[in-house]
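Thank you for making the time this morning.

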Amino acid sequence: MRDIVLTIIIGALLVITLRFPFVGAYLWAWLSLMNPHKMTYGFAFNQPFAQVAAIVTMVALLYARERRPLPLNSMVIAQISLLVWMSITSLFAMAPSDAVLERWIFVLKIQVMLMATWMLITDPKKLRGLIWVVTLSVGYFGIKGGVFTLLTGGSSRVWGPPGGMIEENNALAVALVMIMPMMYHLRETERNSWIRHGLMGAMVLCAFSILGSQSRGALLASLSMAFFLGLKGKHPVRTSVLLAMFAMLAIAFMPDTWSNRMETLRTYEQDGSAMSRIWSWHTHWNAAVDRPLVGVGFDAANAAVFGKYAPLDGAYAVFQGRVWVAHSIYFQMLGEHGFVGLGLFLMLGLLTWRSAARLARVAGRDPELSLWVPTLMRMTQVSLIGFAVGGAFLSLANHDLPYYIVGFVIATDGIVRRGTKSTASKAVSPTPMRPGGLESR
């Protein structure tokens with residue numbers, strides 16, 4: 001029954017997409033982030049719904065009247081440059097060609113659909129709708145996980161959606177860290193009091209879900225996010241105090257097993273999981289030093305790469321014959337795409353941060369834009385901080401979610417620019433004259 005209902009919903013949305021192409025952008029975000037078909041138990045489980053949504057959306061985009069050209073600002077140029085560079089490094093990859101091609105196609109589909117999305121999200125209303133879709137697609141698992149954590153007393157770990165890039169407990173926790181600032185933005189710009197209360201409850205449950213994941217990296221990311229959330233919120237002092245009080249109460253709620261696991265942040269040398277990450281980082285560093293421009297290409301977690309670059313002396317001897325992913329967005333980009341790839345990746349984040357700061361400042365002087373742009377831009381910065389810290393321990397460099405955060409800034413930039421041009425054109429337009437030469441008043 002669940003399969004039938006989901007298929008009918010997706011089918012209806014595909015039909016609507018042909019008339020309103022921006023709905024296809026919403027559908028793609030929902031399917032790619034939430035993977036709702038992976039929560040069914042029948043024929044829908046393995047259906048390529050996301051691919052179908054992408055095809056229909058691209059067809060609708062060709063005939064869309066309201067689409068805008070892809071904004072060629074600094075962020076978009078950096079994102080395209082990174083995609084081009086990853087394509088070049090794929091030609092020199094050390095992994096089997098079929099594995100590299102599969103990964104390249106996966107990344108290409110995500111990036112192309114994201115760029116199509118920014119062409120379809122042309123006004124504040126559509127952008128807000130997209131923020132809701134992205135937030136709920138990931139936040140659903142945070143709400144569910146938060147309830148689970150409270151009911152079990154935090155004794156069991158919270159996991160993400162099956163079959164997706166945030167299925168692992170650590171990945172889900174970092175995704176929730178990135179989504180909570182978006183919940184804050186929606187709450188601060190929402191008029192309906194019931195929805196505002198619901199978003200506050202969702203944030204609390206997501207916080208418990210992050211703790212329930214028992215992810216050490218996510219704990220550091222959530223603390224960093226909370227600090228900047230208080231700093232960049234509308235009421236910095238009050239928000240910071242409330243966040244600090246909540247953090248102390250929530251941590252006190254967690255059982256001793258959680259505390260013991262977090263304790264390994266100090267004694268990481270005695271933890272096999274932590275040491276395997278450091279060993280993988282050394283491997284990717286060695287690969288980048290040997291191949292500084294192109295790295296080893298996509299799918300660096302293979303026997304050829306680790307057989308050539310993995311250090312196996314001293315404490316690392318126990319890992320001989322093993323293969324691990326990078327467990328870090330920085331070492332992932334460095335090892336796979338060299339220093340150039342890492343530089344472009346970091347540049348994209350830096351340009352997004354600076355653009356968000358500029359937009360918040362510029363929009364603050366506009367009566368209409370000031371109602372939502374400054375809050376959204378500051379919260380995208382908070383999300384980027386959460387990703388920057390939590391991503392240091394996870395291979396999430398190619399996940400959709402951080403690029404949606406970047407895209408919120410890209411879309412806002414386009415909206416603000418169009419609004420500024422419109423205002424300027426009205427200011428310089430000739431004043432209508434009445435018959436007889438007198439100016440109309």
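Predicted model: local features only at pLDDT ≥ 70, side-chain atom pairs only at ≥ 80, totals over all residues.

Aspartate 299 lies in the loop between helix H12, residues 272-290, and helix H13, residues 303-309. I start there on account of the backbone: phi of aspartate 299 is near 60°, a positive value in a residue that is not glycine. As background, most residues other than glycine have a negative phi.

Is asparagine 35 buried or exposed? Its relative accessibility is 10%, so asparagine 35 counts as buried.

Let me step back to the chain as a whole. The protein chain has 16 helices and zero strands, and of its 441 residues, 52% are buried. If we take the contacts between residues at least 6 apart in sequence, 79% of them join residues at least 24 apart.

The largest nonpolar core has 112 residues, and the members that touch the most other members are Leu127, Leu130, Val134, Tyr404 and Phe408. Helix H7, residues 169-188, supplies the largest share of this core, with 14 residues. Which residues does valine 134 contact, once its neighbours within four places in sequence are set aside? They are Ala29, Leu33, Ile179, Leu401, Tyr404 and Phe408. There is also a second, separate core of 13 residues, and among its members are Met275, Val296, Tyr309 and Ala310.

With a relative accessible area of 1%, against a limit of 20% for buried, tryptophan 279 is buried. Not counting residues up to four places away in sequence, tryptophan 279 touches Phe306, Ala310, Pro311, Leu312, Tyr316, Phe319, Arg322 and Trp324. The C-alpha atoms of tryptophan 279 and alanine 326 are separated by 9.2 Å, although the two residues are 47 residues apart along the chain.

Valine 389, in helix H15, residues 373-390, has a relative accessible area of 24% and is partly exposed. Apart from neighbours within four places in sequence, valine 389 is in contact with Leu220, Ala221 and Ser224. Its C-alpha atom is separated by 9.8 Å from that of isoleucine 329, which is 60 residues away along the chain.

That brings me to helix packing. Two packed helices are described by the angle between their axes and the distance between the axes. At what angle do helix H6, residues 124-152, and helix H8, residues 193-212, pack? The angle is about 60°, with the axes 7 Å apart, and H6 and H8 are therefore oblique to each other. Their crossing is left-handed. The H6 side of the contact includes Trp132, Gly139, Gly142, Gly145 and Gly146, while the H8 side includes Leu199, Ala202, Leu205 and Phe208. By class, the residues of this contact divide into eleven nonpolar, seven polar and no charged.

H6 also packs with H7: their axes come within 9 Å and cross at roughly 135°, so this pair too is oblique, and H6 passes H7 in a left-handed crossing. Among the residues that meet here are Arg128, Val134 and Val138 of H6, and Leu172, Ile179 and His185 of H7. This contact has twelve nonpolar, four polar and one charged residues.

Finally, the axes of H2 and helix H5, residues 97-120, come within 9 Å and cross at roughly 145°, again in a left-handed crossing. Phe22, Ala25 and Trp28 in H2 meet Lys109, Ile110, Met113, Thr117 and Leu120 in H5, and these residues divide into six nonpolar, one polar and one charged.

Note on methods
Residues numbered from 1 in each chain as written. Heavy atoms only, no water. Axes fitted to C-alpha atoms, helices over the stretch in contact; angles between N-to-C directions. Helix = DSSP H or I, 4+ residues; strand = E, 2+ residues; numbered from the N terminus. Parallel < 35°, antiparallel > 145°, perpendicular 65-115°, else oblique. Left-handed = near helix turned anticlockwise from the far one by under 90°. Contact = heavy atoms within 4.5 Å. Nonpolar A, V, L, I, M, F, W, Y, C, P; charged D, E, K, R; others polar. Core = buried A, V, L, I, M, F, W, Y, C linked by side-chain atoms within 4.5 Å. Buried < 20%, exposed > 50% of the residue type's maximum accessible area, 1.4 Å probe, protein only.
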